[in-house]
Structure formats: structure tokens, C-alpha cells
Amino acid sequence: MARQRDLMISWRLNLVFVSILLAICIFGCKNEKSVSIPRQQAFPRMELQYDTTYQCVYSPFNIQVNENAKLNTENLETENSGFSLRYDKYSATLYCSFAKNLPKDSLNAMLQRRYARIALDLGEASADTYRFNNIENNCSAVIVYSEQNCATPVHFVATDSCRNVVSGVVVMDRIFNYDSIAPAINYLNKDVAHLINNLKFKN
């Protein structure tokens with residue numbers, strides 16, 4: 001008799017324990033929040049499809065640009081001389097301007113404006129500065145290159161320190177994630193470096 005009573009108590013305790021577990025599972029599932037896993041963000045892929053073949057677009061300074069990009073020379077011979085070079089496959093445009101035969105004061109003022117413009121374009125983005133000095137071509141230049149997410153990743157200013165200035169900027173159509181377009185920007189930077197290395201100012 002005592003044995004049957006013990007078995008009955010044990011069975012009831014097991015039933016209570018199982019009931020408690022079921023209740024925890026049911027209410028726990030109801031209170032659990034459904035959290036969706038965010039998809040990895042996809043960034044545009046830039047194909048490097050411009051061959052490095054160059055043409056001279058302004059012989060007085062021997063300005064050479066990639067002949068496979070779209071050249072616009074509408075303002076090449078105007079008072080504010082310059083041109084644009086469109087890279088459709090990179091979603092970018094290179095804008096280049098130059099001034100000739102400036103008085104010394106005007107030259108210094110223009111250089112200061114160009115450097116101020118670079119600082120304004122970059123904002124808080126960090127950048128690396130590369131300096132070029134070509135004594136044979138009477139040219140000194142600065143290229144400012146940013147590896148952060150910004151719309152103007154490449155700037156340059158070149159001068160003979162006497163009368164002439166050539167400057168430019170690469171402008172992206174929008175601010176891309178840098179990692180996704182780094183190869184394209186590196187190639188644009190190489191085109192700018194080629195332009196700078198081949199500039200020639202007369203003594």
C-alpha cells in the first residue's frame with residue numbers, strides 16, 4: 001500500500017514538472033522577438049576598362065590625358081581655360097583648368113585659392129599628399145589623394161612658380177564606399193600622375 005502511494009506521488013510530481021516545462025516553452029516563444037538578419041550591403045563594382053593611351057590636348061603645357069575617356073574642350077581657349085574628361089565606366093569626371101602669364105601676386109593668390117578649395121572639398125576626410133619636382137620641365141606639383149569616402153578623391157595643383165598654374169580635381173557622381181571603387185580611383189590617380197609628370201612650362 002505504501003509502495004503504491006509512493007508511486008502515485010512520484011507520478012504526480014513528474015506530471016507537475018512536465019507541465020511547468022511546457023508552460024515555460026509556450027510563454028517563452030510568445031515573448032521572443034523575431035529579429036531579421038540584415039543582408040550584406042552590395043556596392044557597385046567598377047571595371048577597369050580604360051587603356052592607358054594618352055593624347056596631348058594642350059600643347060603649350062603638354063597636357064596629356066587618357067584618350068579613351070570623353071574629352072570636352074569647350075572652354076579650352078576661353079579666359080577661364082580648361083577642359084573636362086569624362087570616365088563613364090568609373091562614374092567620374094576629371095576637371096582641369098589652367099591660367100597663363102599671371103603676375104607674381106596673382107599667381108600666389110591663385111595658388112592659395114586652389115589649396116583652400118582642396119581643403120574645403122575634403123572636409124574632415126584624411127588625405128595623402130604627394131609632391132613632384134621636375135627641374136627639366138620647370139614644374140613643381142602637389143597631388144592630394146584621399147582613401148576615404150568622398151566625392152572628390154583626387155586633387156592636383158602644378159605651377160612653374162613664376163607665371164603659370166594648372167590644377168584639377170576628380171569628381172565622382174556620388175559618394176561611393178571607397179573599398180568598392182578603390183581600383184578605379186587608383187587608375188584615375190595614375191592618369192593624373194601621368195598628366196603631372198608630362199607637364200612642361202617654358203623658362
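Which residues lie nearest the centre of the largest pocket? Arg 114, Arg 117, Ser 167, Gly 168 and Val 169 do, out of 14 residues that line it. A pocket here is an open set of points on a 1 Å grid over the protein atoms alone, where a 1.4 Å probe fits, with protein on both sides within 12 Å along at least five of seven lines, and lining residues have an atom within 4 Å of a point. The model is a predicted one, so to speak of local features takes a pLDDT of at least 70 and side-chain atom pairs count only at pLDDT 80 or more, while totals for chains, interfaces and linings use all residues. Residues are numbered from 1 along each chain as its sequence is written, and side-chain values use heavy atoms, with hydrogens and water left out.

As for the overall layout, the protein chain comes to three helices and nine strands. These are DSSP runs numbered from the N terminus, with helices being H or I over at least four residues and strands being E over at least two. Along the sequence the pattern reads α-β-β-β-β-β-α-β-β-β-β-α. Of the 203 residues in the protein chain, 37% are buried, where buried means under 20% relative accessible area, exposed means over 50% and partly exposed is in between (1.4 Å probe, protein chains only). The chain exposes about 13,300 Å², and carbon and sulfur atoms supply 51% of that; the areas come from the Shrake-Rupley method with a 1.4 Å probe. Among contacts (heavy atoms within 4.5 Å) with a separation of 6 or more, 53% are between residues 24 or more positions apart.

Back to the largest pocket: its space comes to about 200 Å³, a volume being the space filled by probe spheres set on grid points that are joined across faces, edges and corners. Elements giving two or more residues to the lining are β5, α2 (104-122), β8 and β9, and the largest share, four residues, comes from α2. By class, the lining splits into six nonpolar, five polar and three charged residues. For this count Ala, Val, Leu, Ile, Met, Phe, Trp, Tyr, Cys and Pro are nonpolar, Asp, Glu, Lys and Arg are charged, and the others, Gly among them, are polar.

The second largest pocket has a volume of about 150 Å³. Its lining has 11 residues, with Asn 75, Gly 82, Phe 83, Tyr 95 and Cys 96 nearest the centre. Here β4 and β5 are the elements that give two or more residues. The lining holds three nonpolar, seven polar and one charged residues.

Next comes the packing. The largest nonpolar core has 38 residues, and those with the most contacts inside it are Ile 63, Phe 156, Val 166, Ile 196 and Leu 199. Such a core is a set of buried Ala, Val, Leu, Ile, Met, Phe, Trp, Tyr and Cys residues joined through side-chain atoms within 4.5 Å. Two or more residues each come from β1 (54-58), β2 (63-66), β4 (82-87), β5 (92-99), β7 (139-145), β8 (154-159), β9 (165-172) and α3 (178-197). Of these, α3 gives the most, with 10 residues. A second, separate core of 12 residues includes Leu 102, Leu 107, Leu 122 and Val 144.

Leu 199 touches Phe 61, Asn 62, Ile 63, Asn 137, Cys 139, Ala 158 and Val 166, leaving out residues up to four places away in sequence. Asn 62 sits in the loop between β1 and β2 and is buried, at 16% relative accessible area. With neighbours within four places set aside, Asn 62 is in contact with Cys 56, Asn 198, Leu 199 and Lys 200.

Another loop residue, Thr 152, lies between β7 and β8. Is Thr 152 buried or exposed? Thr 152 counts as buried because its relative accessible area is 10%. Most residues other than glycine have a negative phi. Asn 101, in the loop between β5 and α2, has a positive phi near 55° and is exposed, with a relative accessible area of 53%. Asn 138, in the loop between β6 (128-134) and β7, also has a positive phi, about 60°.
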